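Work through the exercises below with the sequence and the 3D structure at hand. Each task is followed by a solution in steps.

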Amino acid sequence: MSVLDLARPEIRAMQPYSSARMEASGGAILLNANESAWAPAGAAGQGCNRYPDPQPAALLQALAQLYGVREEQLLVGRGSDEAIDLLVRAFCRAGRDAIAIQPPTFGMYSVCARIQDAGIVEVPLAADFTVDADALLAAITPAVKLVFVCTPNNPTGQPVPRATIERLARELAGRALLVVDEAYVEFADGGSVAELIDTYDNLAVLRTLSKAWALAGARVGTLLANAEVIALLRRIIPPYPLPLPCVTAALDGLSVPGQAEAAGHIRIVREERSRMAAALAAVPGVREVLPSQANFLAVRFDDAGGAYQRLFAAGIVVRDVRRYPNLADALRITLGTPAENTRVLEVLNGGRV
Ligand SMILES: Cc1ncc(COP(=O)(O)O)c(C=O)c1O
């Protein structure tokens with residue numbers, strides 16, 4: 001059985017759009033895409049009179065090297081959000097198929113499912129926010145085509161052990177695609193599971209340049225998966241997903257100096273995570289700081305609403321996650337610069353650090 005047997009048959013059968021740039025991109029005189037022959041005004045727009053490469057070769061190469069996969073195992077799009085949407089559209093028939101998620105977790109899995117009219121099977125994380133693999137596997141009905149696992153999880157920060165991911169991939173083979181969202185993995189002790197996509201054709205991994213790579217504004221996210229899955233999604237991704245200035249920004253970020261800078265920032269975030277976890281735990285009114293392997297801390301308060309308002313009044317915006325299950329007393333605080341983090345402590349401590 002091919003992993004593509006899990007995908008929607010009509011998506012497999014459809015004739016994809018063939019863009020001008022896909023059909024021919026060489027040539028000194030380009031008159032095949034109804035573009036303007038003139039460059040736009042302003043330095044920032046240079047090159048933007050032309051449609052960009054649908055999957056820019058230099059970016060694919062840089063990302064394949066970064067993530068340790070082959071280029072045919074990689075789809076680049078507008079953030080990992082776009083990859084989540086494409087997966088749901090390609091694998092879930094409206095009104096019939098479903099995804100499985102483990103709340104509390106990243107909200108876009110269920111939003112994309114709702115847009116597609118796919119069902120949502122919820123298997124809550126255990127009380128300590130670990131994945132209950134037995135419960136998850138027991139909940140997988142034939143309708144479930146995609147199982148999302150977020151590691152480290154947003155908004156709690158806990159990683160999922162590699163052994164659990166391998167077990168899920170093994171036991172879901174032939175039944176569902178396991179989508180492991182590693183948006184925050186650069187901040188974690190354990191590494192990526194990307195190399196396992198050669199072993200499990202039903203394993204897909206989401207990566208992004210939005211977090212550790214400081215490129216949230218460029219919207220560059222990547223899906224790593226079996227080459228057949230990638231080829232299928234390349235058939236349905238909109239023709240030109242990556243704006244040229246964003247590709248340039250991503251390539252700069254992934255350059256040798258860019259990599260050194262990112263590594264330095266990751267080091268600072270990890271140090272700050274330890275410092276802030278200890279300092280926040282000592283703040284009056286803080287009940288608990290959840291252990292985190294990401295670039296944020298989920299913090300339980302006696303009065304989370306009051307803490308939110310005090311921070312807000314001081315110009316500090318954190319994420320109110322009280323609507324999530326088991327987090328009714330929590331705020332999620334992203335780790336900023338050391339000075340920004342110290343300011344959070346000052347405000348929560350009523351003026352003292
Ligand atoms: C777990 C997780 N996955 C994916 C995303 C989306 O990332 P991107 O900016 O690549 O679309 C986020 C953003 O916050 C996230 O927390």
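A salt bridge is a side-chain nitrogen of Lys or Arg within 4 Å of a carboxyl oxygen of Asp or Glu. The model is predicted: local features need pLDDT of at least 70 and side-chain atom pairs pLDDT 80 or more, while totals for chains, interfaces and linings use all residues. Residues are numbered from 1 along each chain as its sequence is written, and side-chain values use heavy atoms, with hydrogens and water left out.

**Exercise 1. Describe the interface of domain 1 and domain 2.**

Step 1. An automatic or database domain assignment sets the bounds: domain 1 covers 3-19 + 54-254, and domain 2 covers 258-348. Their C-alpha centres lie 27 Å apart. Counting contact as heavy atoms within 4.5 Å, domain 1 contributes 24 residues and domain 2 contributes 22 residues.

Step 2. Buried area is the accessible area (1.4 Å probe) that two parts lose on being put together, summed over both. For the two domains this is about 1900 Å², with 60% of it on carbon and sulfur atoms. On the side of domain 1, Phe129, Pro155 and Phe187 supply 32% of the area buried against domain 2, more than any other three residues.

Step 3. The rule finds one salt bridge across the interface. Aspartate 189 and arginine 270 meet through their side chains in a salt bridge, at 2.8 Å from N to O.

**Exercise 2. Find a salt bridge that links distant parts of the chain.**

Step 1. Searching the whole structure gives 23 salt bridges.

Step 2. Take lysine 145 and aspartate 97, whose side chains form a salt bridge at 3.2 Å, N to O. Lysine 145 belongs to strand β4 (residues 144-150), and aspartate 97 to the loop between α4 (79-91) and β2 (98-101); the two are 48 residues apart. Helices (H or I, at least four residues) and strands (E, at least two) are DSSP runs, numbered from the N terminus.

**Exercise 3. How are the rings of tyrosine 51 and tyrosine 240 arranged?**

Step 1. Rings of Phe, Tyr and Trp (its six-membered ring) pair if their centres lie within 6.5 Å; planes under 30 degrees apart count as stacked, over 60 as edge-to-face and the rest as tilted. The count by this rule is five aromatic pairs.

Step 2. The centres of the tyrosine 51 and tyrosine 240 rings are 4.3 Å apart and the planes are at 15°, so the pair is stacked.

Step 3. Tyrosine 51 sits in the loop between α2 (20-23) and α3 (57-67), and tyrosine 240 in the loop between α8 (227-236) and α9 (244-253), so the pair ties together parts 189 residues apart in sequence.

**Exercise 4. Locate the backbone exceptions.**

Step 1. Most residues other than glycine have a negative phi, and most peptide bonds are trans.

Step 2. The bond from threonine 151 to proline 152 is cis, with omega near -10°. The bond from asparagine 154 to proline 155 is also cis, with omega near 20°. Proline 152 lies in the loop between β4 and α7 (162-172), and proline 155 lies in the loop between β4 and α7.

Step 3. Asparagine 34, which is not a glycine, has a positive phi of about 55°. Asparagine 34 is in the loop between α2 and α3.
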